[in-house]
Amino acid sequence: MRTRLLALVLLLLLAGCSSGGTRDDGRITLRFQSLAWQEESVKANKQLVKEWNATHPDVRVEYVQGSWDSVHDQLLTAFEGGEAPDIIHDASDDLADFAYGGYLADLTGLLPARLKSDIPQRSWETTTFGDGVHGVPFLQEPRVLIANATWLRKSGVRIPAPEKPWSWAEFRRITERLSGPGKYGVAWPLKEPVSATLNLSLSAGGRLFHRGADGKVTVRFGTADQVVPRTVHAQATMDHSASPTTLGSGGSDTLPGFFAGRYAMVPLGFSYRQQIVQQAPKGFEWQVLPAPAGAGGLTQGVSPQTLSIAEDCPHKKEAAEFLDFFLRPPNMVRLALGDWMLPTGTEALKDPALHRTKDGWATGTALAGHLRPAPAQSVRGYPEWKDKVATPALQEYYSGAIGIGELRRRLEEDGTLVLARYQR
């Protein structure tokens with residue numbers, strides 16, 4: 001009896017450690033780790049899982065709550081331990097090492113034609129590594145300027161629109177004009193400066209990462225790459241039109257000062273509008289403006305949110321069917337509204353709810369066609385390059401501690417050394 005009891009306990013433990021499997025009653029269970037965190041987003045995700053389970057009794061999806069703060073290390077540990085979730089929510093710029101490491105399934109032959117054709121090729125490029133597609137890009141977020149509408153209106157400056165945005169030079173002049181004693185034209189929240197700098201630099205024609213004929217990547221910090229960093233540096237250290245205290249802050253940290261009238265504008269991700277709606281004092285008027293444009297127009301780099309299937313998942317076909325359900329156009333709209341972001345799907349983008357002028361939805365949707373893969377999208381070793389080289393170098397440059405020459409040396413020389421280890 002004791003031996004049988006021990007054997008039963010062991011079987012239960014093994015079942016609990018599996019990534020996904022089939023129950024004794026024949027029903028398949030798939031674990032879906034979601035990184036949704038905003039209340040509306042979590043609700044939308046859980047409701048869609050509930051709807052799937054109600055109509056697919058033989059394939060049950062189990063919702064697992066993850067966190068953006070620790071997802072890379074958590075997934076790496078789970079992959080190496082053989083305990084990864086079957087369906088994985090992440091961002092495209094976090095997938096390269098997992099894809100090349102063999103942890104994510106190639107979805108090329110698993111996804112239905114409807115889903116593949118609905119999402120533009122430029123979005124698929126964000127999840128294509130080597131010859132395989134290792135995630136479905138489904139939500140994306142342009143960077144925009146959130147502005148104090150009353151302040152701008154009284155100043156008399158030209159209000160930009162997607163059809164006629166500010167240039168980077170005009171943006172600098174306007175922020176200087178809007179500044180005064182104790183007030184700043186802009187507050188740059190650059191605690192995490194790398195993605196903001198690289199993605200906005202596409203508007204000026206910047207690339208930074210260059211792949212040679214041998215497939216190896218080198219870093220070249222050219223004139224076009226310097227437009228955005230030079231603008232921010234000048235605003236913070238020369239024009240005094242950018243608040244120096246927010247350079248080390250996160251986006252949410254700037255909102256109290258924005259509401260208090262210390263900053264005329266804050267460059268933020270599109271989804272920050274939800275926090276503004278929730279936190280803005282009564283009577284505070286704000287509006288969404290497109291980010292400045294350069295030689296590349298309104299082009300921006302983005303790293304869409306993605307859904308992947310683990311290579312170890314024993315039921316990839318069923319997992320892909322769930323992705324197809326989860327990302328049907330009406331469902332993609334629900335997810336986008338819940339996260340205050342834009343869907344990648346062309347059908348979902350047509351939804352009238354995403355074209356309202358209220359809360360700046362129409363401005364963001366007008367930018368969707370200008371979004372391109374982030375420059376670092378397929379670069380192996382990018383997380384280490386970002387943490388060890390680019391982040392400290394850009395932080396020091398923006399604060400005035402180093403000049404453009406030293407910034408260039410670090411990004412190019414130190415950065416290429418880091419990336420070389422991943423390309424042997």
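Predicted model: local features only at pLDDT ≥ 70, side-chain atom pairs only at ≥ 80, totals over all residues.
Gln 300 sits in strand E14, residues 300-302 (strands, E, of at least two residues and helices, H or I, of at least four are DSSP runs, numbered from the N terminus). Gln 300 counts as buried because its relative accessibility is 3%; buried means under 20% relative accessible area, exposed over 50%, and partly exposed in between, with a 1.4 Å probe and protein chains only. Beyond its neighbours within four places in sequence, Gln 300 is in contact (heavy atoms within 4.5 Å) with residues including Pro 142, Arg 143, Asn 199 and His 370.

The interior comes next. A nonpolar core is a set of buried Ala, Val, Leu, Ile, Met, Phe, Trp, Tyr and Cys residues joined through side-chain atoms within 4.5 Å. The largest one has 46 residues, of which Leu 152, Trp 188, Phe 209, Met 265 and Trp 385 touch the most other members. Helix H17 (residues 382-399) gives this core its largest share, eight residues. Another core, of 39 residues, lies apart from it and includes Val 49, Leu 307, Phe 325 and Val 333. Phe 325 is also one of the buried residues of helix H13, a helix spanning residues 316-326 in which eight of the 11 residues are buried.

Two helix pairs complete the picture. Two packed helices are described by the angle between their axes and the distance between the axes. Here the axes are lines fitted to C-alpha atoms, for helices over the stretch in contact, and angles run from 0 to 180 degrees between N-to-C directions. Helix H8 (residues 168-178) packs against helix H10 (residues 223-237) at about 10°, with axes 10 Å apart. H8 and H10 are therefore roughly parallel, since angles under 35 degrees count as roughly parallel, over 145 as roughly antiparallel, 65 to 115 as roughly perpendicular and the rest as oblique. Among the residues making this contact are Trp 168 and Phe 171 of H8 and Val 227 and Val 228 of H10. H10 also packs with H17, at about 45° and with axes 8 Å apart, which makes H10 oblique to H17.

Technical notes:
Residues numbered from 1 in each chain as written. Heavy atoms only, no water.
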